[in-house]
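Hi there,

Here is the model I promised to pass on.

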Amino acid sequence: MKPFRQHVGIAIDGGGIRGVLVARALEMLEDYLGRSCHEVFRLAAGTSTGSILSAGIAVGLSGAGMHRLYRELGATIFRRTWRSWLWPLTRYRYPLAPLNRALRRYLGDRAMGDLWRNSRPTDLVITTFDLATNHTCLVKPWKPEYATWPIVKAVLASSSVPTYFPVVEGRYVDGGVGAYANPCYVAAYEARFCLGWDTAETTIISLGTGRPPHTYRPGDGNRFWAWDWIGPITDAFMRSADDQQVHLVDAFFVPLDFRRFQVDLREPIAMDDPTKMDRLTAYGEELGRKILNDQTDPIPEVKAGTPATRR
């Protein structure tokens, strides 16, 4: 693996229970480096399950500890009840209380601002979408309006996927509702324009939580009814938004040492399926090997003709 530069940040995608594969990859990275992620990454940005992992890094949890957290608590947080089976008739499928208890156990009662007041400050950027103002919030420890927020509150707000969990304080939902299910551009911007890091001396690691297999074939669209479009439109929106963030970092932060890592899932794994822990751990080991061998994900090409060639 190429050495990191002077400044190192990490950005972690959303993906529910699939965060376990990132936790396993981080465990492998720590074993390789002989250092904790908290020592390595002074900037961590995360959305949804990525906010859990980024917050864990910020407070000093090890990759192994976060891997255990996911494996032990997945079935508790995503426990099947009458609510999850009848969720179209309810406002959400899973209560937040089990996730809240788990986060308080592992993250404690720290406020966001505590991370910035440490002798060695850590910048933690957590995305959430505010329904009341209709915009994405970037919760950071150095911003006065968020300094008093408990870290647990910020993580819950970022993780409250609509229909899966209740809305936090009646207004905050999953950060992936906006454009930042993949927060790599947020991390690159934060490093350059907020922290003032020289991009030529900065490494940003971006970790995906598994790319679902493509299940649609030519001609399928001709047979779609109105409800059949929900799946492909949602998939297209999420995939396009993720790829766009990667392309923006690659295009506008040219001197940056930007490394995007992702694995292709060979079967669909729902974000609330805790029965696939062993499979997800195996994918995490695949992701870890890619990180250690610098097998980055290809940067998505955005094709645009010149004015002379456009039709």
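First, some background. This is a predicted model, in which local features need pLDDT of at least 70 and side-chain atom pairs count only at pLDDT 80 or more, while totals for chains, interfaces and linings use all residues. Residues are numbered from 1 along each chain as its sequence is written, and side-chain values use heavy atoms, with hydrogens and water left out.

**Cavities**

Rolling a probe the size of a water molecule over the atoms shows where empty space is left. On a 1 Å grid over the protein atoms alone, a cavity is a set of points where a 1.4 Å probe fits but cannot get out, and lining residues have an atom within 4 Å of a point. Grid points are joined across faces, edges and corners, and a volume is the space filled by probe spheres set on the points. The structure holds two cavities of 30 Å³ or more.

The largest cavity has about 220 Å³ of space. It is lined by 18 residues, and the closest to its centre are Thr49, Ile52, Tyr70, Phe78 and Leu99. Helices α3 (49–59), α4 and α6 (97–107) each supply at least two lining residues, and α4 gives the most, with five. (Helices are DSSP runs of H or I with at least four residues, strands are runs of E with at least two, and both are numbered from the N terminus.) The lining divides into 13 nonpolar, five polar and no charged residues. Here Ala, Val, Leu, Ile, Met, Phe, Trp, Tyr, Cys and Pro count as nonpolar, Asp, Glu, Lys and Arg as charged, and the others, Gly among them, as polar.

The second largest cavity holds about 40 Å³. Its lining is made of Ile52, Gly56, Leu61, Met66, Leu69, Ala102, Leu103, Tyr106 and Leu107. Again α3, α4 and α6 are the elements that give two or more residues, but here α6 gives the most, with four. Eight of the lining residues are nonpolar, one is polar and none is charged.

**Helix packing**

How do α3 and α6 pack, and at what angle? Their axes are 10 Å apart and the angle is about 20°. (Axes are lines fitted to C-alpha atoms, for helices over the stretch in contact, and angles run from 0 to 180 degrees between N-to-C directions.) The two helices are therefore roughly parallel to each other, a term for angles under 35 degrees, with those over 145 counted as roughly antiparallel. On the α3 side Ile52, Ala55, Gly56 and Val59 meet Leu99, Leu103, Tyr106 and Leu107 of α6; contact means heavy atoms within 4.5 Å. This contact has seven nonpolar residues, one polar and no charged.

Helix α4 (residues 63–77) also packs with α12 (residues 277–292): their axes come within 11 Å and cross at roughly 160°. That makes α4 roughly antiparallel to α12. His67, Tyr70, Arg71 and Gly74 of α4 make the contact with Met277, Asp278 and Thr281 of α12. By class, these residues are two nonpolar, three polar and two charged.

A pocket is an open set of points with protein on both sides within 12 Å along at least five of seven lines. The second largest pocket has about 150 Å³ of space. The lining has five nonpolar, two polar and five charged residues.

Phe4 sits in the segment before β1. Leaving aside neighbours within four places in sequence, Phe4 is in contact with Leu33, Val40, Thr203, Ile205 and Arg259. The C-alpha atoms of Phe4 and Ile205 are 9.6 Å apart, although 201 residues separate them along the chain.

Best wishes

How values were computed
Angles under 35 degrees count as roughly parallel, over 145 as roughly antiparallel, 65 to 115 as roughly perpendicular and the rest as oblique.
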